[in-house]
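Q: Could we go through this model together, starting with the terms and then moving from element to element?

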Amino acid sequence: MSCPHLESIARLSAPKLSQSVHREECTQCFDSQDLPPGIEVCLSCFNGACSEPLKHHAQTHIQRSGHHYTLNVKRKPKPSSQRTEDDEPPAKMTKLAIVGDREEDRYETSTVVKCWACEPEKGRELPEAVAEPKIKSLVDGVMHSLSSARQSEVKSWEEEITPCEHTLTLNQSITFPIPASGLAQCASCDLKENLWLCLTCGSLGCGRQQFGGAGGNGHGLEHWRSTRHPVSVKLGTITPEGGADVYCYACDDPKSDPEVAAHLASFGINVQTLSKTEKTMTELQIEQNLKYDFSLTSEDGQALEPLFGPGLTGLANLGNSCYIASTLQALFSLHAFQARYNPPFLTPDHALTCPEPLPASCIECQLRKIADGLLSGRYAVPRGHVSGYVPHAQSSLSLSPPQAQSQAEGRDREMYQEKEKREFQVGLRPSGLKELVGRGHAEFGTMRQQDAEEFFGWLVEFIRRDARKFGARAQEDDATRIFTYALEQRLQCSSCGGVRYRVDNTDILSIPIPSVERAQSEPTKDEQKKWREVDLIKCVEMVLGEEDIDGWMCSVCQTGVRGVKYARFKSFPQVFVVHAKKFQLVNWVPTKLDVPLVLPPGDVLEFGEAHLGRGISPGETALPEDAVPAPTLPTFDATAMAQLEGMGFPTVRAQKALLATGNRDAETAMEWLFQHMEDPDIDAPIVLEGGKGQGAPEPAAEQVALIQDMGFTMAQGTKALRETGGDMERAVEWLFSHPDDMGDEPSSGSVSAPSVHTQAKELPGTTGVPVRYRLKAFVSHKGPSVHSGHYVAHVRVPVPVRVGEKEEEKEEWVFFNDEKVVKADEESVRELKGLAYLYFFERI
């Protein structure tokens, strides 16, 4: 029977360049086009959804959106792409480019248009639809557009390099031909490779040795230090298209030079005659990151055993995304995150009530997708095996209550662990979460290597911001609350003895790591260990120790005195996150110091009465709050004031208009004036109320609206912007550091709060002591630089162990290295624990 909706399908538009087409993977789970059912791509909004009955993601999208037409996309490998050991190896890629391996050469893809208005249960297939030219054009547009997954893959091999003021204003002082390739050498040594040409004076210097392991003595850097000539180009990386590896020593970063061809011509170099002979820094960086691989063998040389099954799923590296993978593995090993984002089968389905138009824009959807992928076990199968698609009785593992899962999960693990011992997983690609969390972020929106601790903090803040945005969601269990605790700080004047207490909520304890080099005479098993070991608990106590503050202005003494500050825990979290500050400034260069930390016996931390803050004690005198300076009018924009007064507006009206519009410009202020010409107090003098921030310009309505979109009230947004001078980033930080400030301004007769916090609000966590924590997971970093290296995670996971005829669960350390998931050996765990960067301790 012919479908009566073909005309409606033909009226649909093909995807635009700016639209993401989710044809490779479901936006709510990791089922992909490689599974038998394929992916249903909405022909209206191009959302991708699976049609698996128990998850009903395709049906849910159709029900919520009213979009009834999809393109079913299925893919399977071509037989010829399965190379055997006797076959010739594929041709080596001669260029770092993803397009070198075309998808159509490796896979067969089939598509069919489906109408869900005709058959709501499974959609009616319409193979004849492509006979209509407009529908054929629509299908071609979907299939030929750059998919969302492909966009992420391409970006993963790109580095954002831009010009700087030094490359744009380069002044060449000397021009002369340099020696030809093969004859040129460093001006300070005999090296003929890894040469950098100073674009100011033409000096040749060798590069630094650590870049990709290439030889170098750093003479190019020495030339910069002695001459202050900032810009150099790496010989051997120049291409006929004008591409080259340019480095600015003043910015200490790779940069681009739009006029590099002209600058090179000054030294007799014609780019049209050159070809690239050496790897660029980007290629070397990629190669270095891919080679960073923690050992997958035990101390006796035996290969570590790959693991498969629920809670043992790897995450593929998207390109410098190991900091995301290791952090997510640690987070979803915690019970609170498992319960919150991978709920039992009978709980309400978020997909039916999601307030976002598309799941790809919803952090709740993406976190549930990650949880299902990591915890269900459907995708933790050896490479080459079909993942995700299992019979319905087994596919409900992640949806049924835990007690009903145990036997099935045990069978799954047993089945997969009998596979080839060195056959790893393909790994899930968390590209949807990365794109969403990094959207608009200066660092996490790029594909460069980032700091795992900073990402953890940003993700926690992102989740909380989303909860504020949707009030109903904020009422649900907030998994991030397990990290929050209160830290009490005490400040005492050394002159008058007065004290001041304040309590701040925080999620991470960053501990300093003292670095003391070993003496050459000190015995050590590893000669490469440069630093002495430090007890982790001593590093924690350093944060709580006393610190002198010279020149502190006491509110009683009214002069600069020495203040003494120390901290105590006001409460303790459920999960204690410790950040070991391994990256430190050494000679103004961020350097990683691999100082070994010694954990307590059994990896158990214990805090007692001595670590708990009790607030002001009998006999202590509280210092009054610092006097609030009298409010003053802000400095108005002189140009805007002149323009408004030149139009005939009185000074007071011009000032009021600029104050109300954020002191922006004359045009905006004039619009405000025309709207308030009839105000009875338009000519009354400006009255400034007391209190900090009261004299600041009125925030712009657009800024307040942006903050309201994050879930805050207009009063909160207005006050935060006033307090921070209209700086949006600082205003958001202010709001999260003042969660109980509703933005209500004090009346003129109000009295400032006392300096001792009365703690009327409930403290996060627990105040009972003693409190004990056991190490659950830790994230490690290998590599010397903040911007390179590799992150991995170790997690204590219940793993089935066969005892006789029975199978019992025993907690074992599991090593997560991107998609590789193996049982960790005791020796490597013992060593890497001391060199970890982030620790996750669970309260016991």
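A: Helices here are DSSP runs of H or I with at least four residues and strands are DSSP runs of E with at least two, both numbered from the N terminus. The model is predicted, so to speak of local features requires pLDDT of at least 70 and side-chain atom pairs count only at pLDDT 80 or more, while totals for chains, interfaces and linings use all residues. Residues are numbered from 1 along each chain as its sequence is written, and side-chain values use heavy atoms, with hydrogens and water left out.

Q: How many helices and strands does the protein have?
A: The protein has 26 helices and 26 strands. Of its 844 residues, 46% are buried, where buried means under 20% relative accessible area, exposed over 50% and partly exposed in between, for a 1.4 Å probe and protein chains only. Among contacts with a separation of 6 or more, 71% are between residues 24 or more positions apart, a contact being heavy atoms within 4.5 Å.

Q: What follows α16?
A: Helix α16 is followed by Gly 440, whose phi is positive, near 85°. The helix itself covers residues 431-438, and six of these eight residues are buried, so α16 is largely enclosed by the rest of the structure. The buried ones are Ser 431, Leu 433, Lys 434, Leu 436, Val 437 and Gly 438.

Q: And α24, which of its residues are buried?
A: In α24 the buried residues are Gln 716, Gly 717, Thr 718, Lys 719, Ala 720, Leu 721, Arg 722 and Glu 723. That is eight of the ten residues of the helix, which spans 714-723, so α24 is largely enclosed by the rest of the structure. Just after α24, Gly 725 takes a positive phi of about 65°.

Q: Switching to α2, what covers its buried residues?
A: The cover over the buried residues of α2 includes β1 (39-42), β2 (48-49) and α12 (350-353). Those buried residues, within a helix that runs over 57-65, are His 57, Ala 58, Thr 60, His 61 and Ile 62. Just after α2 comes Gly 66, with a positive phi of about 80°.

Q: What lines the largest cavity?
A: Its lining consists of Gln 28, Asn 47, Thr 60, His 61, Arg 64, Ala 351, Cys 354, Pro 357, Leu 358, Pro 359 and Cys 365. Helix α2 gives the largest share of that lining, three residues. A cavity is a set of points, on a 1 Å grid over the protein atoms alone, where a 1.4 Å probe fits but cannot get out, and lining residues have an atom within 4 Å of a point.

Q: What volume does the largest cavity have?
A: The volume of the largest cavity is about 80 Å³, and the structure holds eight cavities of 30 Å³ or more. Grid points are joined across faces, edges and corners, and a volume is the space filled by probe spheres set on the points.

Q: Now the sheets: what is the order in the open sheet of four strands?
A: The order is β12-β11-β16-β15, with antiparallel pairing, and two strands pair if DSSP finds at least two bridges between them. Strands β12 (499-506) and β15 (547-553) stand at the edges with a single partner strand each, so one side of each has no neighbour in the sheet. From one strand to the next the twist averages 30°.

Q: How many bridges do β11 and β16 pair over?
A: Strand β11 (485-493) and strand β16 (560-569) pair over seven bridges in the antiparallel sense, and the bridge partner of Gln 489 in β16 is Ala 567. Helix α19 (536-544) lies across β11 and β16 and runs at about 135° to β16, where axes are lines fitted to C-alpha atoms, for helices over the stretch in contact, and angles run from 0 to 180 degrees between N-to-C directions.

Q: Where is Asp 507?
A: Asp 507 sits in the loop between β12 and β13 (508-511). Asp 507 is buried, with a relative accessible area of 16%. Not counting residues up to four places away in sequence, Asp 507 touches Val 460, Arg 464, Phe 483, Thr 484, Tyr 485 and Val 577. Asp 507 and Gly 457 are 50 residues apart in sequence and 8.0 Å apart in space, C-alpha to C-alpha.

Q: Last one, which are the edge strands in the open sheet of five strands?
A: In that antiparallel sheet, ordered β7-β6-β8-β9-β10, the edge strands are β7 (204-206) and β10 (253-255), each pairing on one side only. The twist in this sheet averages 40° from one strand to the next. Strands β8 (231-234) and β9 (245-248) run antiparallel and are joined by four bridges, with Ser 232 opposite Tyr 247 in β9.

Key
1 Å grid on protein atoms, 1.4 Å probe; cavity = no way out; pocket = protein on both sides within 12 Å on 5 of 7 lines; lining within 4 Å.
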